[in-house]
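Please read the following briefing alongside the sequence and the structure. The points are grouped by topic.

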Amino acid sequence: MTDSKSPSFFAENWEIGPIFRALLRNKVGAMLIALQIAFTMTIVVNAIYIIVERSDKMQRPSGIDEANSFYISSVGFSHDFNSLVTTQEDLNLIRSLDGVIDAVQINAVPLSGSGWSMSLQTQPGTEFDGTGTAVYMIDEHGLNSLDVALVAGENFSPTDIQTRQSSQTHWPDKVIITLAMANRLFPDEGLAALGKTVYINDIEPMIITGIVDQLQAPWVGWDNVENVMLTPEIRDAKSSRYFVRTKPGQRDRVMNEVESQLAKSNSGRILRDMRSVEGTRLRAYRDNSAMISILVTVMTILVIVTGLGIVGLASFSVNQRKKQIGTRRALGASQLSIVRYFMLENFLISSAGVVIGAALTIVLNIVLVDAFSLDPIAWYYIPLGMVALWLVGQLAVFGPARKAANIAPALATRSV
Amino acid sequence: MFNYYIKLAFNSFKRNPILTGLMITAIALGIGASMTTITVNYLMSADPIPEKSSQLFHVQVDSWDPNHGFNDEPNTPPNQLTWTDATNLMSAKKAFRQTAMAKSGAIIQPSSPDINPFEASIRLAFKDFFPMFNVPFKYGNGWDQQADDDRQLVVVLSKEINDKVFAGENSVGNSIVIFGQSFRVIGVLDAWQPLPKFYDVNNGAFDEPEDLFMPFYLKQELELPNWGNTNCWKTPEGEGFTAFLQSECINFQMWVELKTPQDKQAYMSFLNNYVNDQKELGRFPRPLNNQLLNVMQWMDDQDVVADDAQIMMWLSFMFLVVCLLNTIGLQLAKFSAKSGEIGLRRAVGATKRDLFMQYTVETGAVGFAGGLFGLVLALLGLIGIRQLYGEVLNDLASLDLTMIALALVLSLLASICAGLYPTWRACNIAPASQLKSQ
Amino acid sequence: MLTMKDIKKIYRTDSIETHALRDFNLHVNEGDFVAVTGPSGSGKTTFLNIAGLLETFEEGRFELDGVDISHQNDAARSRLRNQKIGFVFQSFNLIPDLNLFDNVDVPLRYRGFSRQERKKRIEHNLEMVGLGNRMKHLPAQLSGGQQQRVAIARALAGEPRFLLADEPTGNLDSSMAQSVMALLKDINANGTTIIMVTHDAGLATQANRNIHVSDGKVSEKAMSLSPEAAQFKPSQHKRVVGLSE
């Protein structure tokens, strides 16, 4: 008879049938591992999905020069406190400091979580619906301070700037909006929205005199976070916030200087809430980044637990089957065949696990979509998860399988 | 006999240290993860005022836009009140106790030159606020009806502010300059932090209570600024502070204390009558849709427990399931290796019950060890969560005795359940079967 | 067929060196039925392990069917075991989770036979040992004698040139032992060379050659090789076996 050099490489001789039948003799043990893999896959795939969703959200740009910007609030309290004069003095002082590119008084800051919103509509009248938008009130230094670029129209001129009293309800007649907002108000028209009239407070007209490329509203969790309008106003209020953009690398120095100079310049007010935009971003996305950290931790530990479980059970079963392995070796199994036997056995169990896991993953995702209004999972997460869990199983079983392959064939002749 | 089983259990651990270690670690990780998330959820969903949470009701009337509900689906009334409705309902005095509220803020100018002026948050409320919410006082008391009616410049300080401005001394009777006005201190609170901060969840359900408490009408009298969420469906008619107060903008909350279901019913019909009367005046263009929710219903309605916390809890329960499956598998393996010993014990007269006890003690001991270890992990987990979420969750991440007991019971139960099947299998080994073929 | 020359085998532990075999010499001809006897610790199991390529040795020369074993790596020795040697163990060594069919299948899988070829051989050999109707049974459902016959079927399924038997009747009562012996003699009569380790002098006399191992060395007891036996060629799957339980 003739024997090929490595006959055992043919799939036909990979013992899938006998391994499967032997597994059926120990259904519970195999099922336990399969279920463990299934649940692990369910958690891991859904967790990764949530992580990707959250980190995508965190990747969105705010539109401002985050690395080099900060803001500070001033609240006047003395009886003779003059808000408008103080604001102008403060801005002049800040703008004159070395390292400052520009500064502006602003009512709210992107990423900060608090701000104003209004509704704009394209036709006047209470019967028409509006589009919600965040409002930033700025003067002619605003665009430069925020580092947003006009893609159409022009910046506000100093003569456009109006004084806004607290509790004032009427609005200036000029407005700059984001491109996203322009597309919401005038679908498919984009830059052509320039020069058109929109209505605020149902009937007050405003002319779009500029469109900027991108700027986020203060609320990162808001569905319409790209809807922003900028109005040419300076607020006459005891509480005033300044937004400052510095030259690269100078932010921290400028922050200290602004704080101390403003404190010196007027004792009838307090300064508070000085924050870098970077710090504000961290706060804005803290829940998201915390969730990501927790999910990553849980996933890692879970995969380790499952992996160690497989290692433990496989080592145990190798120990239990020492005699059998020795016999197989005596009957002509190469070390490779023994490794392959345990890898295949694990592969069969894992296969059951990942199939159940795929179903459970979808079920859990449906529950999450239902109860917590997450988006449904993208289909390709499922096969990726299956492959990943297969790999985890194979990696975990490799050590014990190697150990099994090193069992001496002579064990077969040793009496118990 | 129990001691004997404990001894056997320890022998077994010594013989299989790696398997036993894996089991204890698996249970500990599962319990640790579950306890961490259960604790956060438990504290988030805790009843902040258990002694009367079912008698305190949050008042909502639907004063919103005729074309759009405050929420589209479900069609719930606005979560706050207008100034007009808050003051009207207060004047009617139809409940056992009632308080409208608003959040504001102002600069405090301490008389001592050593302390710089600083900004403080203000809760504007009525006199019933303190008895309604069982607010603890360290010095003095809240104000009376007279102070509410006469818009007196009186203030109750939080413990922190009293510590800061008056060095923790009894400051009742002292004066303090707030918003440029001289106020008289009439009370100082003791440490008070309801979790969640149920009386105003719109503005941060887990925020600290305010620094200062003063009569509600001072909002109008001093034109105190609006803090917290302000929502308008209609632009105020006219400019200025008075126009805002008369507008349909909502910035005010109201709670009533109603002792019995009949009282609640009566108050509800009062609300409905009130809204109908207002409709006559041309307000309230929407269909009648008023709501009285008690504390826990209101917490539920406002989704006080964060989605993320719930997602984490359910994921960690699944995590625990994985750990238990792991434990069952390992236990099964461990017991299957002992079939010889079991056969021998059966042969020398151990009943199934004896064996069942022996192995249940063994699995229970694994569970207990896992539970203790898990508690340590839960503590670490909570420290981790506190670090990740910062001050927001500071008070929501601590273990109390209930949680510790729950952790131990949960881990014992979980491990004994995980051991049931392996134990059952082990006990059903026939006495003779294992003696022969060895 | 099998030649061992000056084989030396030493077992080492931390402090002790045991010379299991020293200057072990043996030549076995094709068609021999060799019984190896010797007291416990004499080295007869070591001899069997080396002869079966289950263990390596320190010194000497070992040729099996014309192949020099000394320089073969583990994979090559595995392949030689699979192709040339059949094993029968004292405690049968059947795999408890596999039915009889799958047990006999084990070496054939490593051999790389096609599915039809394996099936033919498994069925043929199980029928030959009288268990053709119990192929789906598990080992635990059989008596000891039946189990050993399954093991013999497994050893023969690959048509090895050598059959190594390690106390094949050690775990059997005397009537079962006799029937297993009869089967082995039958197999030998059909041309398979058999080396059988036993401590039972009575059984040893049924072989046509007896060697005695003591202190790691061979001392031939009797020389009963009949010249005719060497004339046998391996048959072509035609074994007539009439065994009773």
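UniProt, in an unreviewed entry, places the feature "domain: MacB-like periplasmic core" at residues 32–259 of chain A. In this predicted model, the end C-alpha atoms of that span lie 63 Å apart. Helix makes up 28% of residues 32–259 of chain A, and strand 31%.

**A sheet in chain A**
- Four strands of chain A form an open sheet in the order β2-β11-β1-β12, and their pairing is antiparallel.
- At the edges are β2 (100–105) and β12 (269–276) of chain A, each of which pairs on one side only.
- From one strand to the next, the twist averages 20°.
- Strands of a sheet are held in pairs through backbone hydrogen bonds, in either a parallel or an antiparallel way.
- Five bridges join β2(A) to strand β11 (residues 239–246) of chain A in the antiparallel sense.
- A:A103 has A:V244, in β11(A), as its bridge partner.

**Helices across the sheet**
- Helix α6 (residues 251–265) of chain A lies across β1 (69–76), β2, β11 and β12 of chain A. Its direction is at about 175° to β12(A).
- Helix α7 (residues 277–284) of chain A lies across β1 and β12 of chain A, and runs at about 70° to β12(A).

**A helix in chain B**
- Helix α2 of chain B covers residues 17–44, which is 28 residues.
- From its first C-alpha to its last, α2(B) reaches 40 Å, close to the 40 Å expected at 1.5 Å a residue.
- Is α2(B) mostly covered or mostly exposed? It is mostly covered, with 23 of its 28 residues buried.

How values were computed: Residues numbered from 1 in each chain as written. Chains lettered and ligands numbered in written order. Predicted model: local features only at pLDDT ≥ 70, side-chain atom pairs only at ≥ 80, totals over all residues. Pairing = 2+ DSSP bridges. Helix = DSSP H or I, 4+ residues; strand = E, 2+ residues; numbered from the N terminus. Axes fitted to C-alpha atoms, helices over the stretch in contact; angles between N-to-C directions. Contact = placed C-beta atoms within 7 Å. Expected span 1.5 Å × (residues − 1). Buried ≥ 20, exposed ≤ 12 C-beta atoms within 10 Å, placed from the backbone. UniProt positions renumbered as here; feature names shortened; annotations may be inferred.
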